[in-house]
Amino acid sequence: GARPKHLNISKVAIIVTDGRPQDKVQDVAARARSNNIEIYAIGVDRADMQSLRLMASEPLDDHVFYVETYGVIEKLTSKFRETLCGKDLCAGDHGCQHICVDIRTSYYCKCKEGYILNEDKKTCSRVDPCALGK
């Protein structure tokens, strides 16, 4: 809640547990979700899967995970990074000749110094200093 609302930054909670809850997780999770907090639940080893489902946001297939050991949680980092931070659109085949600039929901191409972006918005041409009157 400390971030300004106009930035529209998601509120997310990731709960990791290896046992059964001692309190009424369903009520606490419901209050969090009513405050627009998206909840991911990760169960480790003998975690109670029903409790994880009660805590997590919908759809459960995207918010409830089970791992055998704490060491395996690292394998979930790329899933969370892509889901929570957005996929880096410049990491794939973007088609930019020089520089790809990721702006979270899209991308655009830039050229190195001394070049200009062509009409196709992907390729670059060397700037002719004589044409600029220099």
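I took a disulfide to be a pair of cysteine sulfur atoms within 2.5 Å. The model is predicted, so I kept to its limits: local features need pLDDT of at least 70, side-chain atom pairs count only at pLDDT 80 or more, and totals for chains, interfaces and linings use all residues. Residues are numbered from 1 along each chain as its sequence is written, and side-chain values use heavy atoms, with hydrogens and water left out.

Entry 1, the count. How many disulfides does a search of the whole structure find? I searched and found three. Counting the bonded cysteines along the chain, I wrote down the pattern 1-3, 2-4, 5-6.

The angle about the S-S bond is -75°, and the link of Cys90 and Cys100 is left-handed. For location I used helices (H or I, at least four residues) and strands (E, at least two), which are DSSP runs numbered from the N terminus. Cys90 sits in the loop between helix 4 (77–85) and strand 4 (99–102), and Cys100 is in strand 4, so the link ties together parts ten residues apart in sequence. I then checked accessibility, where buried means under 20% relative accessible area, exposed over 50%, and partly exposed in between (1.4 Å probe, protein chains only). Cys90 and Cys100 are both buried.

I read an S to S distance of 1.9 Å for the disulfide that joins Cys96 to Cys109. This link is left-handed, with -75° about the S-S bond. Distant parts of the chain are linked here: Cys96 is in the loop between helix 4 and strand 4, while Cys109 is in strand 5 (residues 107–110), 13 residues apart. Are the two ends buried or exposed? Cys96 is buried at a relative accessible area of 9%, and Cys109 is buried at 6%.

I noted -90° about the S-S bond, and the link of Cys111 and Cys124 is left-handed. Cys111 lies in the loop between strand 5 and strand 6 (115–117) and Cys124 in strand 7 (residues 124–126), so the pair ties together parts 13 residues apart in sequence. Cys111 has a relative accessible area of 16% and is buried. Cys124, at 9% relative accessibility, also counts as buried.
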